[in-house]
Amino acid sequence: MAKGLQAFSWTMLLLFCAIQELGAWAMHTPVEGPGLGQPGDPALLAGGRVKRGWVWNQFFVVEEYTGTEPLYVGKIHSDSDEGDGSIKYTISGEGAGTIFLIDEITGDIHATERLDREQKTFYTLRAQARDRQTDQLLEPESEFIIKVQDINDSEPRFLEGPYIGSVAELSPIGTSVMQVMASDADDPTYGSSARVVYSVLEGEQHFTVDSKTGVIRTAVADLDRETQDRYEVVIRATDMAGQLGGLSGSTTVTIVVTDVNDNPPRFPQKMYQFSIVETAPVGTAIGRVKAEDSDVGENTDMTYQVKDEEGVEMFKVTTDSNTQEAVITVQKPLDYESKKVHTVVVEALNKFVDPRFVDLGTFRDQTIVRVSVLDVDEPPEFHPPSNLMEVQEDAHVGSVVGVVTALDPDTANHPVR
């Protein structure tokens with residue numbers, strides 16, 4: 001009993017880790033902390049003051065150990081232990097008695113199960129030294145940590161996919177498209193197991209990726225939506241900072257190339273022909289023409305106008321906002337006998353022109369519209385048109401009052417009766 005009342009000090013000694021498969025040394029880091037004595041413990045002095053503080057070593061156990069024998073973790077030991085077996089070492093807390101077993105005589109601790117750091121990073125336990133005969137605590141119970149040491153057993157994963165980004169066509173080299181990020185479940189504070197670098201696995205002809213940030217950028221300046229409007233780029237993330245033996249994961253990034261107004265309108269034909277009867281009223285639609293544009297959306301919106309003086313006088317052009325067609329209508333009465341064919345110059349131009357691409361050429365085009373006027377059999381016309389005649393009141397029956405003349409206005413000039 002007198003021995004039990006003596007002052008003890010604890011020293012946690014971390015011995016070499018007997019891991020055949022890994023061949024690695026067990027590691028330890030000193031962590032200072034007071035003993036957790038309770039009132040009534042023999043280690044407490046009068047007034048409740050603890051005799052001394054304790055210095056504990058933090059134990060490490062390598063995860064995913066696959067050996068057949070229990071994995072040696074370390075040893076707890078009291079310097080008052082004379083090796084006669086009078087002291088019994090016990091542990092309690094997380095995994096005590098199941099995952100971690102202690103030799104009561106030597107204080108050696110072994111792990112009996114395969115541990116996974118990604119599921120649990122450390123275990124908190126408490127150590128006791130008891131008199132084997134009386135089971136009385138010889139030291140204040142004290143806490144220690146067994147930390148699960150990481151190995152590179154988790155590959156990087158892209159958790160936010162699928163990724164879809166976009167970039168405008170003809171963007172300069174180095175234009176940022178989007179950013180991807182991979183997560184690695186390994187310990188970021190130990191080694192390079194969770195240090196990820198990025199690379200382009202497929203699509204490197206058109207895109208690059210920043211190895212550190214995962215930012216995807218254009219590698220060329222001639223992306224053309226009209227040629228290819230989307231790309232499937234495969235990005236790979238490799239841990240161990242990309243060193244040989246690192247684990248990797250990949251994801252596919254869909255990059256959509258958006259449109260810019262880099263294509264002018266073009267008429268499919270350089271000449272169109274329409275016909276209309278000469279008696280068609282003003283406002284009658286003669287026909288429609290349309291210029292084609294390889295762009296999409298508002299970049300295809302157009303306006304049309306008549307460019308020649310004669311056409312401006314006789315015809316009007318409006319734009320159908322739904323079909324983007326030019327609608328040609330009669331603006332002045334037609335006369336077959338005066339002019340049988342009208343030639344109209346119609347111009348198409350983009351409504352919204354991007355000043356960045358004006359050097360690509362003019363964003364307008366012209367076509368010729370020939371309008372043939374069809375003859376209609378019109379009634380004879382009196383010349384002069386006045387119908388006022390005078391006659392004396394005493395004129396004899398049969399006297400000539402006057403003469404009227406009517407002519408056929410048609411080209412055929414049929415006889416009139």
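Visitor: Which residue lies over the face of Tyr123?

Guide: A charge sits over a ring if NZ of Lys or CZ of Arg is within 6 Å of the ring centre and within 35 degrees of the ring normal. Here Lys120 lies over the face of Tyr123, 5.2 Å from the ring centre. Likewise, Lys340 has its charged end over the ring of Tyr336, at 5.0 Å from the centre.

Visitor: What should I know about the model itself?

Guide: The model is predicted, so local features need pLDDT of at least 70 and side-chain atom pairs count only at pLDDT 80 or more, while totals for chains, interfaces and linings use all residues. Residues are numbered from 1 along each chain as its sequence is written, and side-chain values use heavy atoms, without hydrogens and water.

Visitor: How many aromatic pairs does a search of the whole structure find?

Guide: A pair of aromatic rings is described by the distance of the centres and the angle of the planes. Rings of Phe, Tyr and Trp (its six-membered ring) pair if their centres lie within 6.5 Å; planes under 30 degrees apart are stacked, over 60 edge-to-face, the rest tilted. The search finds six pairs. In one of them, Phe59 and Phe144 have ring centres 5.7 Å apart and planes at 80°, so this pair is edge-to-face.

Visitor: Is Phe59 buried or exposed?

Guide: Buried means under 20% relative accessible area, exposed over 50%, partly exposed in between (1.4 Å probe, protein chains only). Phe59 is buried at 0%, and Phe144 is buried at 2%.
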